[in-house]
Amino acid sequence: MPELPEVEVVRRGLERWVAGRTVAEVEVLHPRAVRRHPAGGVDFAARLTGHRLGTAMRRGKYLWIPLADTDSSVLGHLGMSGQLLVQPSDAPDEKHLRIRVRFTDSDSGSAAGAAGTELRFVDQRTFGGLSLHDNTPDGLPDVIAHIARDPLDPAFDDAAFQAALRLRRTTVKRALLDQSLISGVGNIYADEALWRSKLHYERPTATLTRPRSAELLGHVRDVMNAALAAGGTSFDSLYVNVNGESGYFDRSLDAYGREDEPCRRCGTPMRRRPWMNRSSYFCPRCQRPPRASA
DNA sequence: CAGAAGTCCTGGTCGC
DNA sequence: TGCGACCAGGACTTCT
């Protein structure tokens, strides 16, 4: 369940280990991993081969790598269980290996650095995948043009977000998960930020005052930055790792997954409620439901 | 048109 | 022990 901080760690890994390398061969081992590439796996492989990769970029939980000398990019999303790994070319295939990218220097043996490695997309549940798209004039893959900037983006407009939030006719957690309003916030960090803000997940966005929405946004940022700080150091290795071992589950969570455990603020047992085929975790005392709640 | 609900997918876990 | 039900959940598609 990689969230934005984990995806950023992956982006840094890609920047370090695959930027500047030229694709020699692509193997698509599962069609679902390229389902967002309409022309299919064979086309995906053919269009990638021979191109040099640029510097990986990120918006929300999307990653993309521009192809040098083209106006297109490889777009990636890790979904729930996806990993992008830089592995020695002779390492055994992972059980759920979906896509392999070999580079022109992949077989360079024992040379120092990235040479001798290949890029692998591994994904158990295949919610994630890779695809190739034309860029917009902004250099963004066209299919993610509707994705809002994320709160760690220096160009994120706090005032505009707060104004848009209050105009929505929905509840606050739905809004936090709406990728056209703010990107990169998943179920876990939404619950964490709401707990820190002492807001119930069904609070109507229209009832949030400006200070309350500012506080909420601040907590979203804090949660992400804390996770980034914790996970960012675990990556000083050959592996572009995104899964639990990279410290993701080591970070302390105050709300998510803590049903029946005492609230870290007031000691009241935390609760879990079914919500949109998921769960919402909250403190029934610190996060009071809205009065007119259905 | 905005907002809400349905859908995809697999492996781990739990109850009977 | 075996089997089926259930759960995880991001983002797209379909609905109201």
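Trainee: Where does helix α2 lie, and how does α2 run relative to β8?
Mentor: α2, residues 41-48, sits across β4 and β8, at about 60° to β8. The axes behind such angles are lines fitted to C-alpha atoms, for helices over the stretch in contact, and angles run from 0 to 180 degrees between N-to-C directions. Helices (H or I, at least four residues) and strands (E, at least two) are DSSP runs, numbered from the N terminus.

Trainee: Before I go on, what should I know about the model?
Mentor: It's a predicted model, where local features need pLDDT of at least 70 and side-chain atom pairs count only at pLDDT 80 or more, while totals for chains, interfaces and linings use all residues. Residues are numbered from 1 along each chain as its sequence is written, chains are lettered from A and ligands numbered from 1 in the order in which they are written, and side-chain values use heavy atoms, with hydrogens and water left out.

Trainee: OK, which order do the strands take in the open sheet with β4 and β8?
Mentor: The order is β2-β3-β4-β8, four strands with antiparallel pairing. β2 and β8 are the edge strands, each pairing on one side only. From one strand to the next, the twist averages 30°. Strands count as paired if DSSP finds at least two bridges between them.

Trainee: How many bridges join β4 and β8?
Mentor: Six, in the antiparallel sense. To pick out a residue, Ser73 has His133 in β8 as its bridge partner.

Trainee: And the sheet with β1 and β5, what's its order?
Mentor: That open sheet has four strands too, ordered β1-β6-β7-β5 with antiparallel pairing. β1 (23-28) and β5 (82-88) stand at the edges with a single partner strand each, so one side of each has no neighbour in the sheet. Here the twist averages 20° from one strand to the next.

Trainee: Which strands of this sheet does α2 touch?
Mentor: α2 packs on the sheet by touching β1 and β6, and its direction makes about 170° with that of β1. Contact means heavy atoms within 4.5 Å. Inside the sheet, β6 (residues 97-103) and β7 (residues 117-123) pair in the antiparallel sense over four bridges. Arg100 has Arg120 in β7 as its bridge partner.

Trainee: New topic: how many cavities of 30 Å³ or more does a search of the whole structure find?
Mentor: Two. The largest cavity has a volume of about 130 Å³. Its lining has 15 residues, and the closest to its centre are Ile65, Val74, Leu84, Leu119 and Leu130. α2, β3 (62-66) and β4 each give two or more residues to that lining.

Trainee: Why does the largest pocket lie between domain 1 and domain 2?
Mentor: Because domain 1 (4-144) and domain 2 (158-235 + 245-282) both give residues to its lining. The domain bounds come from an automatic or database domain assignment. Taken over C-alpha atoms, the centres of domain 1 and domain 2 are separated by 30 Å.

Trainee: What about the second largest pocket, what volume does it have?
Mentor: About 310 Å³. Of its 15 lining residues, Met57, Arg58, Trp64, Arg149 and Asp153 are the closest to its centre. The largest share of the lining, three residues, comes from β2.

Trainee: Last one: where is Leu253 found?
Mentor: Leu253 is in the loop between α6 (210-231) and β9 (271-275). Leaving out residues up to four places away in sequence, Leu253 touches Ile188, Glu192, Arg258 and Arg264. Asp191 is 62 residues from Leu253 along the chain, and their C-alpha atoms are 9.5 Å apart.

Methods. 1 Å grid on protein atoms, 1.4 Å probe; cavity = no way out; pocket = protein on both sides within 12 Å on 5 of 7 lines; lining within 4 Å. Points joined across faces, edges and corners; volume = space filled by probe spheres on them.
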